[in-house]
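Work through the exercises below with the sequence and the 3D structure at hand. Each task is followed by a solution in steps.

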Amino acid sequence: MEMLAAAEAGESALLIAPTGGGKTLAGFLPSLIQLHRDPRPGLHTLYVSPLKALAVDIARNLTIPAEEMGLDLRIETRTGDTPANRRARQRQDPPQILLTTPESLTLLLSLPDAGEIFGNLACVVIDEIHALAGTKRGDQLALCLSRLSTLAPGLRRVGLSATVAHPKALAAWCARDADPDKVRLVRAAGGAAPEIGTILPAGRLPWGGHMGLSTMPEVYERLREAGVSIVFTNTRAQSELCFQALWRLNEDNLPIALHHGSLTVEQRRKVEAAMAAGKLRAVVATASLDLGIDWGAVDQVIQVGAPKGVARLLQRVGRANHRMDEPSRAALVPANRFEVIECRAAIEAVAEGEVDGDPPRPGGLDVLAQHILAMACHAPFFPDDLYAEVKGAAAYATLSRRDFDDTLRFVEDGGYALSGYERFRRLFRDYEGRVHVRGPQVARQLRMNLGTIVETPLLKVRMRGGPILGEVEEWFVSTLEPGDNFIFAGQVLRYERLDPMAVIVSRGGEGEPRVPAYAGSKLPLSTSLALRVREILSNPRHWKALPEPVREWLAMQRKRSELPPLEGLLVEVFPRGNRWFLVAYCFEGRLAHQTLGMLVTRRMEHMGLGPLGFLGTDYVMAVWSAFEPTDVEHLFEEDLLGEELEEWIAESSMLRRTFRNIATIAGLLEKNHPGQEKSGRQMSMSADLIYDVLRKHEPDHILLRATRAEAAFGLTDVARIGSLLERARGRIRVRRLNRVSPLAVPALIEEGREWVSGSAEDALLAEAVALVEEATGGEDSFTGDLTDGTPEASAPKEHPPRQSRSMRLARRRPRR
Amino acid sequence: MISAPVHLAGERLLLDPSGALFWPSRQILAVSDLHLEKGSHFARHGRFVPPYDTRETLSRLAPLMRRYTPGRIVFLGDSFHDAEGASRMQAADRAALMHLLGNRLVTWVLGNHDPVAPDGLPGEAVEEFREGPFVFRHIGMAGKEVGFEFSGHFHPKASLPTRCGPVTRPCFLADARRVMLPAFGAYTGGLEITAQPIAALFPRGGRAFLLGKDRLYSAAVGPMKHLAAVTGRPAESLQPT
């Protein structure tokens, strides 16, 4: 009702409601009423959703009430899948209601006739706005909204969002000038509070691991008892393993399906359709199902592994039972003892109505570069006007004129201090100062490369003589040998060979299968959950809600060492094997701990402590060294975050990845180009080389500024390390123990990989070369005489047997 | 900087960690695949990659002139990214290059990217350059009758297993007949030595020299012809020594 009132008053509105509850219909209702009262041709209402499938589904669901109201309306979708002839017709004669995605909207706005298409637009509905704000697709959409308001000055915006920690920031998205106070904020009454429990394994509670597989029998029981369930996991690898485990237990032949982002689109649509038709009892899924079509009939949600964040948990729990009057039913499956505590913390946070999450970060300059070019393709513009329009977008409200001008210059000719590219300009200015595109090929190139999603190098997986099953990351394939097994798309596959187009596999195979991992697919523990975990740990009064084995575990920790304090920092030092271990209970998330591990080992190196390695979990950071760590306080001083960190971050693969994405979105690198498709590997290579050259010769270039800005927000880990060191200052509790403490066990059995920075590579190469030299007593060392192949291959010289020291040439993700 | 001495056809050669080869007895320095003006080539097609690649590549060449003071410099082909590359050079870069070349003899071996002599630069442009027992050409030739050979073209790179996973670097690849040079240019990527086109030239394996910060890391490479040809995957052992 309040949405209708906002519409009557011509106000923009933000509707915040838990998942379900007819949110989308509420967004549309005013438009339907208006069109009922005052039918008119031409585009009236635009709907933008992050998911193509959602747009299609809403179009279907909207047609029914429209017909019931007796409206003579055209409701159509426009996505990448829309056939060319329909797209052309939509341009000439737009429907009254058009449903689309941010990408398709950008394309429409880059057309010369965008003014005619959108001139009479009355309302734009932005669905799942919380999932878009703060992402690059969101930046793109924010810029498009600002442009729409220029084309149609009377335009009303309606935002639809799930419950979020920062409603004001989202309200700004719905305002023409990014002023949240001009937007009517409508909060739907929260439905019944969700009922969230935990499921523990019948046997021993695991000390470590993240997969939660030992609880699968109990999970299976729940699936049998309930009508329809969604089993959410944290990673694609975990979803594959859980699916396998459930399938092995599936004596009742329950229809259970698998759904994750690496499966083919067709496969995913099939699963979604089967779910909608009520043909499935359960889907094992990843974040791929966090958003999407309401299925209504989901009886329970099971979250395997700790949820890592409250907002995410709520989103997932909301997928169960979309009726407002009944509580959503959900269960958490902690995979280890720490996760039991984390799950408890999450349940308490939900009960107290707390929502976590960072406010959306400022918009990226790479997306702005793409937008500037798109706007130039639409029509010539004055830079002053465009700057004003861009500042009207919430994500760019704080954009400085300098950044805007530099981005514009970048679009024109690269914007380098060293001139030289003027004759290749993409844009030129006329005598009045208007900016034009140089020719039609510029627009063509833009449209081919539009979009803000940059994929990591992927390879298709194809069944021999059969269909494509999905995609895995290239580097994973490079670690496979023909005959190796891996789990993918819910089956055990045998790697046959790599052909130019795909990874060829066959069914079955023997031996322990591996699971493809995907880079960066795991979210770190959120700050507010981490605080709650520390609260529970430090105060035994909170332990009542914990299961017996966990209480005993904590009690034992208190006896043998001490509990991590709420403020301050507990650091344990103990010998084990021939090494010294240092375990710091920081609770700042995996990313932060990995960075911290790197910084601490570097300092230990300077102190001559002989650090050997480190690892970071979501809860602790552990280092092992040759000598006993002394002066622990010095290791955690705040000056850790000085120049060394800057240098390391600039060298890190993370920043290189960030740069690659930015360079691609900004149009420096091809996404695709007629006639020459680049493989991901080639692209990643040249991005690295460009990064190195640019860093050396023009460190203040706009693209490097954009990269650093994004890293500063994306790598919240650095901010978290800062707050940790501050919190710990003067309050570091060092416990010297004679053996490992109970709380340290999960970390020590964690599978971890050291984090190697670029500058360490040479040391590793030298070590590898020296190692073989030592092992062979120098016999195999290179004397300067070139021969064919290995010594045995050419000369029948005396040599020790080779098998013992044979090393396979390894091909993996290129580091540089 | 520590260069690695190797012996081929009875001659002593130095492999430099920068990717250059020096032949002391004839005072010849060879570098391959500089791909100068690759940046401006991209810019011409609407991709404004940083225009500093030529400057960067030349700045890597300069210390080699000081270290070895060669009498002749042989560019092993693909010195410019395209035929017009030399004419697109910025005045400052051109001056820097002229200064580097100085009074030395200059040989431009022609490559597939630059099939013509570079515009307005000193030196001779040839398909092949022969000196003593060696022939310098852009693309290595298979077969026994080709003689002792220095070539480039393929931008070889190799991965060495280490404690923390494999490390990939551009490399020299050599056997008893030939030395293949890594690409010297700032914007040049690499091809794994196990890839078919490279492996085919080293049917009995050889030795890879991975470029490091100030030294080379050498490793024996086993025969690669079987598996590599079929799957494009690593075939045999690469042993660091």
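**Exercise 1.** Locate Val283(A) in the predicted model and decide whether Val283(A) is buried or exposed.

Solution. 
- Step 1: Val283(A) belongs to strand S11 of chain A.
- Step 2: Val283(A) has 25 C-beta neighbours inside 10 Å. The cut-off for a buried residue is 20 or more.
- Step 3: Val283(A) is therefore buried, given its 25 C-beta neighbours.

**Exercise 2.** List the contacts of Val283(A), leaving aside neighbours within four places in sequence.

Solution. 
- Step 1: The contacts are Ile230(A), Ala257(A), His259(A), Val271(A), Met275(A) and Leu289(A).
- Step 2: Take His259(A) from that list. His259(A) and Val283(A) are 24 residues apart along the chain, and 6.8 Å separates their C-alpha atoms.

**Exercise 3.** Describe how strand S9 (residues 229–232) of chain A is placed and which strands it is bridged to.

Solution. 
- Step 1: Sort the side chains. Ser229(A) and Val231(A) point one way, while Ile230(A) and Phe232(A) point the other way. All of these residues are buried.
- Step 2: Find one partner. S9(A) runs parallel to strand S11 (residues 282–285) of chain A, and four bridges join them. Val231(A) has Val284(A) as its bridge partner in S11(A).
- Step 3: Find another partner. Strand S12 (residues 300–304) of chain A also pairs with S9(A) in the parallel sense, over four bridges. Here Phe232(A) is opposite Gln303(A).

**Exercise 4.** Which residues touch the most other members of the largest nonpolar core?

Solution. 
- Step 1: This core has 223 residues, and those with the most contacts to other members are Val124(A), Val231(A), Cys242(A), Val283(A), Val284(A) and Ala622(A).
- Step 2: Helix H15 (residues 365–378) of chain A gives the largest share of the core, 10 residues.
- Step 3: Apart from this core lies another, of 61 residues, including Leu15(B), Leu76(B), Val109(B) and Val179(B).
- Step 4: Check one of the residues from Step 1. Not counting residues up to four places away in sequence, Val284(A) touches Val231(A), Thr233(A), Ser239(A), Cys242(A), Phe243(A), Leu246(A), Ile256(A) and Leu258(A).
- Step 5: As background, nonpolar side chains in soluble globular proteins tend to be buried together.

**Exercise 5.** Give the strand order of the open sheet of five strands in chain A, and name its edges.

Solution. 
- Step 1: The order is S17-S16-S20-S19-S18, with mixed pairing.
- Step 2: Strand S17 (468–473) and strand S18 (485–488) pair on one side only and are the edge strands.
- Step 3: From one strand to the next, the twist averages 45°.
- Step 4: Val461(A) is opposite Gly470(A) in S17(A).

**Exercise 6.** Trace the pairing of strand S9 (residues 134–137) of chain B.

Solution. 
- Step 1: S9(B) pairs with strand S8 (residues 128–131) of chain B in the antiparallel sense, over four bridges. Phe129(B) is opposite Phe136(B).
- Step 2: S8(B) and S9(B) make a hairpin with two residues between them. In the turn, Gly132(B) has a positive phi of about 55°.
- Step 3: Strand S10 (residues 148–151) of chain B runs parallel to S9(B), joined by three bridges. Phe136(B) is opposite Phe150(B) in S10(B).

Note on methods. Residues numbered from 1 in each chain as written. Chains lettered and ligands numbered in written order. Predicted model: local features only at pLDDT ≥ 70, side-chain atom pairs only at ≥ 80, totals over all residues. Pairing = 2+ DSSP bridges. Axes fitted to C-alpha atoms, helices over the stretch in contact; angles between N-to-C directions. Buried ≥ 20, exposed ≤ 12 C-beta atoms within 10 Å, placed from the backbone. Core = buried A, V, L, I, M, F, W, Y, C linked by C-beta atoms within 7 Å. Contact = placed C-beta atoms within 7 Å.
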